[in-house]
Amino acid sequence: MVENMTNFGVPIIRVEDGDYQRRGELYLKHAHDGKDIDVDYTEKTLRAVYRLWGRPVHLETMVDGEATRLSFDGETNSQDPA
């Protein structure tokens, strides 16, 4: 029960780079605490952040024990090894 209350269940996401690969893309990093984030919800969130940022958005996290980069480029969500 205490684990679910850490940070009130909200993942900690930090901005790593606001000009990723010198293309104006936003690169975020999830401070993984042993619990994976909900990929479906994250993909929807990346779409919303894209609308605000106006350029592709990337989030580095862990999915099933693998370093993963979730991205949205304005048209498509993708999931690649980080």
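Residues are numbered from 1 along each chain as its sequence is written, and side-chain values use heavy atoms, with hydrogens and water left out. Because the model is predicted, local features need pLDDT of at least 70 and side-chain atom pairs count only at pLDDT 80 or more, whereas totals for chains, interfaces and linings use all residues.

In the pair of Tyr50 and Phe72, the ring centres are 5.3 Å apart and the planes stand at 85°, so the arrangement is edge-to-face. Since Tyr50 belongs to helix H2 (residues 39–53) and Phe72 to strand E4 (residues 66–72), this pair ties together parts that are 22 residues apart in sequence; helices (H or I, at least four residues) and strands (E, at least two) are DSSP runs, numbered from the N terminus.

Phe72 is buried, with a relative accessible area of 4%, while Tyr50, at 22% relative accessibility, counts as partly exposed. Leaving aside neighbours within four places in sequence, Phe72 is in contact with Leu46, Arg47, Tyr50, Pro56, Val57 and Asn77, contact meaning heavy atoms within 4.5 Å.

Strand E4 is joined by five bridges to strand E5 (residues 77–81), and the two run antiparallel; two strands pair if DSSP finds at least two bridges between them. Ser71 stands opposite Ser78 in E5, and the hairpin of E4 and E5 has four residues between the strands, with Gly74 in the turn at a positive phi of about 105°. E4 also pairs with E3 in the antiparallel sense, over seven bridges, and in their hairpin, which has two residues between the strands, Asp64 takes a positive phi near 55°.

Six of the seven residues of strand E3 (residues 57–63) are buried, so E3 is largely enclosed by the rest of the structure. Four bridges join E3 to strand E2 (residues 25–30), with the two running parallel, and Lys29 has Glu60 in E3 as its bridge partner.

Terms used:
Rings of Phe, Tyr and Trp (its six-membered ring) pair if their centres lie within 6.5 Å; planes under 30 degrees apart count as stacked, over 60 as edge-to-face and the rest as tilted. Buried means under 20% relative accessible area, exposed over 50%, partly exposed in between (1.4 Å probe, protein chains only).
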